There are 2 protein chains.
Amino acid sequence: MKKDTGKTKYILLGLMAKRPQTGYSIKKSIEYEFRHFWQESFGQIYPTLKILVDQGFAETSETETTQNGRRTITYTITERGQAELQRWLSEVPDVEKLRYEILLKVSFGTTTEPEIIDQHLDAFIARNEASLAEMEGFLTVFKDLEVHRTDILGSELTALCGKYLYTAMKDWAMEAKKRISDQKELQNETKNP
Amino acid sequence: MKKDTGKTKYILLGLMAKRPQTGYSIKKSIEYEFRHFWQESFGQIYPTLKILVDQGFAETSETETTQNGRRTITYTITERGQAELQRWLSEVPDVEKLRYEILLKVSFGTTTEPEIIDQHLDAFIARNEASLAEMEGFLTVFKDLEVHRTDILGSELTALCGKYLYTAMKDWAMEAKKRISDQKELQNETKNP
DNA sequence: GCATGCATGTAAGAAGTTACATGATTGT
DNA sequence: ACAATCATGTAACTTCTTACATGCATGC
């Protein structure tokens, strides 16, 4: 109904509020810090940055000449942008819409193809363990800084969320494997008395 | 690049494989069982069902006259559809793309607006507790059936995933609240020696 | 010489949501 | 009388991804 840029707008404003950035570096920031909980493509970022400028939420300080030959455009949040960010911050966040393809496969395939599902679960466990390790790496870095620096709390809480999430998913998958194999045994017992 | 229907196709096939259904009842099934991990709208379901028929993955057994005046169309999976479902089942599931808006807000707002973030976290905790209770309700029902019925294992594992997920999220939010208030205290100490 | 990283951008298309139209039945 | 549930469907729109084009600098 409303012509809007969805939520892309706000992650851009939020990152700009930390420091003025180029579209490219915003993409890198998202990949670095939010990859596990949010993603944006260039196809979203560049057009949205233009819209933000049009709406007076950001300003460009073009540096036509740069260290490397390419021109770069640095975007800075304006006061109006800051206010808009604040407005969004105070709104109740949307309920997240999850789509776990593995769950569909588990649900549709456990009884007919328990071996395949078991393999998927193994891969899922490995994937979640890898993410978990990444999160713990982040947390160690933050702990080593040891200071009560306010500017890292946000990043720390993001990593902590990942830690909780990936642990839960790993644990679930392990439990699921157990239940699937338990059931297979039960079925065998019924067959061979 | 490829003209496809995304993943919608497969949840429809998966549900049809359990029993022939109408588009409407498929929607209800998704809402009932997968709501927390998958969602589809009528705008996706009806056109996709037509495509499935075109591709020979489903058949219609139209019941022009029904108990209520409206005509209903029951979709049944074909052998080819069954094979297609099987093919998808054996493929490695995609990495899920999460988008947690609350995490952006926490990350961007903890230091500047700790009170607002605290409120968001309270609401988030309540929301996750409600979902958790729902999942535990499901699990109790399944345990009461008590049988080693294979056809409920899939549903049970779905509910179990929800239990793990929502517990993790609730716990994270509680920990986040604690860390935010800890930091506020630290800042106060620095101010008043 | 070639791949990669930095940097900006567009076009095409896929995927998904929302609103609406139709209409009967059942319950309040 | 009105709302809700059953039931099918479409149109308009938004949102998002993917592929591509350009081009310099640097490292292998």
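**The interface of chain A and chain B**

Chain A and chain B bury about 6,900 Å² between them, and 68% of that area lies on carbon and sulfur atoms. The model is predicted. In this model, 69 residues of chain A are in contact with 69 residues of chain B. Three residues, A:L98, A:R99 and A:F108, supply 11% of the area that chain A buries against chain B.

Polar pairing across the interface was examined next. Between chain A and chain B, 28 residue pairs are in polar contact, with both residues at pLDDT 80 or more. Six helices of chain A each supply at least two residues of the side that touches chain B: helix 1 (8–18), helix 2 (23–34), helix 4 (79–90), helix 5 (101–109), helix 6 (114–145) and helix 7 (153–191). Helix 7 of chain A gives the most, with 21 residues. By class, the side of chain A that touches chain B has 33 nonpolar, 17 polar and 19 charged residues.

One residue of helix 7 of chain A is A:E175. A:E175 touches B:L160 and B:Y164, leaving aside residues up to four places away in sequence. Within chain A, A:E175 and A:Q21 are 154 residues apart along the chain. The C-alpha atoms of A:E175 and A:Q21 are separated by 44 Å.

Charge pairing comes next. Side chains of opposite charge can pair when their charged atoms come close. A search of the whole structure finds 34 salt bridges over all chains. Across the interface of chain A and chain B, the rule finds eight salt bridges. In one salt bridge, B:R99 pairs with A:E40, and the closest N and O atoms are 3.0 Å apart. In another, the side chains of B:E40 and A:R99 meet at 2.9 Å, N to O. B:E40 lies in the loop between helix 2 and helix 3 (42–54) of chain B, and A:R99 lies in the loop between helix 4 and helix 5 of chain A, so this pair joins two chains.

Helix packing was then examined within each chain. Two packed helices are described by the angle between their axes and the distance between the axes. In chain A, helix 1 and helix 2 pack at an angle of about 95°, with their axes 11 Å apart. Helix 1 of chain A is therefore roughly perpendicular to helix 2 of chain A. From helix 1 of chain A, the contact residues are A:I11, A:L12, A:L15, A:M16 and A:K18. They meet A:I26, A:S29, A:I30, A:E33 and A:F34 in helix 2 of chain A. By class, this contact has seven nonpolar, one polar and two charged residues.

Chain B was treated in turn. Helix 1 (residues 8–18) and helix 2 (residues 23–34) of chain B pack at about 95°, and their axes are 11 Å apart. These two helices of chain B are therefore roughly perpendicular to each other. Helix 1 of chain B contributes B:I11, B:L12, B:L15, B:M16 and B:K18 to the contact. Helix 2 of chain B contributes B:I26, B:S29, B:I30, B:E33 and B:F34. The contact in chain B has seven nonpolar, one polar and two charged residues.

Terms used:
Residues are numbered from 1 along each chain as its sequence is written. Chains are lettered from A and ligands numbered from 1 in the order in which they are written. This is a predicted model: local features need pLDDT of at least 70, side-chain atom pairs count only at pLDDT 80 or more; totals for chains, interfaces and linings use all residues. Side-chain values use heavy atoms; hydrogens and water are left out. Axes are lines fitted to C-alpha atoms, for helices over the stretch in contact, and angles run from 0 to 180 degrees between N-to-C directions. Helices (H or I, at least four residues) and strands (E, at least two) are DSSP runs, numbered from the N terminus. Angles under 35 degrees count as roughly parallel, over 145 as roughly antiparallel, 65 to 115 as roughly perpendicular and the rest as oblique. Contact means heavy atoms within 4.5 Å. Ala, Val, Leu, Ile, Met, Phe, Trp, Tyr, Cys and Pro count as nonpolar, Asp, Glu, Lys and Arg as charged, and the others, Gly among them, as polar. Buried area is the accessible area (1.4 Å probe) that two parts lose on being put together, summed over both. A salt bridge is a side-chain nitrogen of Lys or Arg within 4 Å of a carboxyl oxygen of Asp or Glu. A polar contact is a pair of N or O atoms within 3.5 Å; within protein, one must be able to donate a hydrogen and the other to accept it, and residues adjacent in sequence count only if both atoms are side-chain atoms.
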